[in-house]
Amino acid sequence: MSALMWSVLLSLVSAVAYAGGAIVQERVAVAKGASAPLGDPVWWSAVALNGLGAALHVAALALGPLSVVQPLGALTIVFALPMAALFVGRAAGDRTAWRGALLATGGLAGLLALVSGSGTRTPGGGERIGLLVVTAAVLALLLALARGSRTHPALRAAALATGSGVAFGLGSVFTKAVAADQSDGFVLSGLPSVAAVVALSAAGLLLSQSAYHAGGLHAPLATLTVVNPVAATVVGLVLFGESFRMGGLGAALATGCGLVAATGLALLSVGRARAEVPAQGKPEAGDGAAAGRGARRRGPGRGHMATPPARR
């Protein structure tokens, strides 16, 4: 099996691990709040799943280009929503969700077919410092937006999820740089990039935790899943010299495939959000018994969530 095929396989398994981590994270966020509950073993299981996904992601980046590995990471949401239906009893989704999954998968397959191969260069120290400064500035702006949107949960969740996607995406960029340093034999020179990977990964994890608390699973996960590969792929094309087949035409087709995938992810998110709304039954004011039965069926917590295990 070629290095590129190994990279694709590892990326797919990584997406499954990340999907499992996102499901557990969101359930803990709803039950315990936005802050990381360090004493909760369930939260640490989410950290472990994210760590496994990250390790597989690193291995994929060492074998393949950013422009292949990062778009495949968008399959996280395609895997996460059916997995949530299987493991926490959510609805499987309506036709809109299935159309979205097909469009997302098709768009990503098109992107994969258009990638020409690994990059021809590795960004130098000055380029990495400049990239880190720009990333920090973007994250600071998004945090300021989230802080100013406390009364608008949807906007707050979108800002936090975007920040998480940027952090994870740029963490992958620095991971790719570290892998290139190792292959070139520059071990010590890669230490600042390793520190950047750790810091960006931690920031992405904490931002996603807050985003899930503010906006549930589907919308924040769709946002960060789109932002992550876009941010990393753009940097990969600019700084690593990666390219698409057929030159300008290939780049245009890749942009179209990316738009198809993004549209699919949006449809999938809308379809899942619609499916997760509980059947309210709309009892009249005088129908207290029916309302009580509906409340007992839904249980405590947010309407779209299954009852957390601690409250059963």
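Methionine 1 sits in the segment before H1. This residue is exposed, with a relative accessible area of 68%; exposed means over 50%, buried under 20%, and partly exposed in between (1.4 Å probe, protein chains only). The model is predicted: local features need pLDDT of at least 70, side-chain atom pairs count only at pLDDT 80 or more, and totals for chains, interfaces and linings use all residues. Residues are numbered from 1 along each chain as its sequence is written, and side-chain values use heavy atoms, leaving out hydrogens and water.

**Overall make-up**
- The protein has 11 helices and 0 strands. Helices (H or I, at least four residues) and strands (E, at least two) are DSSP runs, numbered from the N terminus.
- Of the 312 residues, 47% are buried.
- The accessible surface is about 14,400 Å², and carbon and sulfur atoms account for 71% of that. Such areas come from the Shrake-Rupley method with a 1.4 Å probe; for residues, only the protein chains shown count as cover.
- Take contacts between residues at least 6 apart in sequence: 82% join residues at least 24 apart. Contact means heavy atoms within 4.5 Å.

**Nonpolar surface patch**
- Met1 belongs to a nonpolar surface patch with Met5, Trp6, Leu9, Val13 and Leu63. Together they have about 590 Å² of accessible area.
- Helix H1 (residues 3-32) gives the most, with 4 residues.
- Patch residues have over 30% relative accessible area and no salt bridge; like charges are joined within 9 Å, nonpolar side chains (Val, Leu, Ile, Met, Phe, Trp, Tyr) within 5 Å. A salt bridge is a side-chain nitrogen of Lys or Arg within 4 Å of a carboxyl oxygen of Asp or Glu.

- Alanine 22 lies in helix H1 and is buried, at 3% relative accessible area.
- Leaving aside neighbours within four places in sequence, alanine 22 contacts Tyr212, Leu217 and Leu221.
- Alanine 22 and tyrosine 212 are 190 residues apart in sequence, yet 8.6 Å apart in space, C-alpha to C-alpha.
- Histidine 57 lies in helix H2 (residues 41-63) and is buried, at 12% relative accessible area.
- Not counting residues up to four places away in sequence, histidine 57 touches Ser14, Tyr18, Val69, Gln70 and Ser172.

**Packing of H4 and H9**
- Helix H4 (residues 75-87) packs against helix H9 (residues 218-239) at about 155 degrees, with the axes 8 Å apart. Axes are lines fitted to C-alpha atoms, for helices over the stretch in contact, and angles run from 0 to 180 degrees between N-to-C directions.
- H4 and H9 are therefore roughly antiparallel, a term for angles over 145 degrees.
- Thr76, Ile77 and Ala80 of H4 meet His218, Leu221, Ala222 and Thr225 of H9.

Notes:
Parallel < 35°, antiparallel > 145°, perpendicular 65-115°, else oblique.
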